[in-house]
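I am opening my notebook on this structure, and I mean to write down what I look up in the order in which I look it up.

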Amino acid sequence: HEDYRTPPSLQEKYDADEQVKIICLGDSAVGKSKLMERFLMDGYRPQQLSTYALTLYKYTTTINGQTVLVDFWDTAGQERFRSMHPSYYHKAHACVMVFDVQRKITYKNLPNWYKELREYRPEIPCLVVANKIDADIKVTQKSFNFAKKQGLPFYFVSAADGTNVVKVFKDAIQMALSYKKNSSDFMDEVMRELENFDLESKEESSDKEEETQEGKPDSA
Ligand SMILES: Nc1nc2c(ncn2[C@@H]2O[C@H](COP(=O)(O)OP(=O)(O)OP(=O)(O)O)[C@@H](O)[C@H]2O)c(=O)[nH]1
Ligand SMILES: [Mg+2]
């Protein structure tokens, strides 16, 4: 059972067993935001971070009895391909890469997006999504070989009528989770270690708050 009507609170975040970050890439107007909004429906809660021109959607779900907090990252207003700020990719666990079946240029730009994604995140699962199939159902007979060539999962979807939208995002969450758990990516392992270390040292230091060294001049 899922419940995404209530926005996650700090408490929920604290209680969550897992947390994953999923990013969305693709040219402007391919339907990235519409897809996310379609998936989240009335449960979505956009949070504008104007500094980086991005929208963060929080989503909570339960998978195999575990509470999973999902951060969906969505960029705003990318004119064709332009490099993203590195923090967009930072610690992402999966990527949903979207193009518009009605505009060939958006498909042709996929290799640019993919190349940049791989520079920052060489190993994360990436799902390729052909959006707007409602406008012309015959496009599903066309072959879009980019995904196959790269060995990536591929979906025909429509944010307008909802075709395959839930499927894409559920798969993305699942893949993000298994990536996070099984990743052999060196940096991710380091990050996991650091996170554990962070928790342990917090637990320790909460017992002896008075002993902190803050403000003490550096002897070195
Ligand atoms: N027919 C049809 N139109 C769609 C679909 N998805 C999105 N659109 C339309 O495409 C336009 C762009 O959608 P957005 O979701 O704003 O696109 P975006 O990728 O977020 O664009 P940026 O934020 O500029 O990067 C809007 O007018 C949508 O209504 C779809 O599945 N079918
Ligand atoms: Mg958008």
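How far does a polar side-chain atom of Ser 33 lie from an oxygen atom of ligand 1? I find 2.9 Å, and I call this a polar contact, a pair of N or O atoms within 3.5 Å, where within protein one must be able to donate a hydrogen and the other to accept it, and residues adjacent in sequence count only if both atoms are side-chain atoms.

Before going on, I note that this is a predicted model, in which local features need pLDDT of at least 70 and side-chain atom pairs count only at pLDDT 80 or more, while totals for chains, interfaces and linings use all residues. Residues are numbered from 1 along each chain as its sequence is written, chains are lettered from A and ligands numbered from 1 in the order in which they are written, and side-chain values use heavy atoms, with hydrogens and water left out.

**Entry on the ligand.** I looked up two further contacts: an N or O atom in the side chain of Asp 134 is 2.7 Å from a nitrogen atom of ligand 1, and a polar backbone atom of Ala 159 is 2.8 Å from an oxygen atom of the ligand. Ligand 1 taken alone exposes 660 Å², of which the protein buries 71% (Shrake-Rupley method, 1.4 Å probe; for residues, only the protein chains shown count as cover).

**Entry on strand S4.** I then turned to S4 (residues 66-75), where 8 of the 10 residues are buried, so the strand is largely enclosed by the rest of the structure; buried means under 20% relative accessible area, exposed over 50%, and partly exposed in between, with a 1.4 Å probe and protein chains only. Strands are DSSP runs of E, at least two residues long, numbered from the N terminus, and two of them pair if DSSP finds at least two bridges between them. S1 (residues 18-25) pairs with S4 in the parallel sense over 7 bridges, with Ile 23 facing its bridge partner Trp 73. S3 (residues 54-63) runs antiparallel to S4 and is joined to it by 10 bridges, one of which links Tyr 59 and Val 70.

**Entry on the cysteines.** How many disulfides does a search of the whole structure find? I count 0, taking a disulfide as a pair of cysteine sulfur atoms within 2.5 Å. For Cys 24, the nearest cysteine sulfur is that of Cys 95, 7.1 Å away. The sulfur of Cys 95 has its closest cysteine sulfur in Cys 126, at 4.2 Å, which is too far for a bond. Cys 24 counts as buried because its relative accessibility is 1%, and Cys 95 is buried at 0%.

How values were computed
Helix = DSSP H or I, 4+ residues; strand = E, 2+ residues; numbered from the N terminus.
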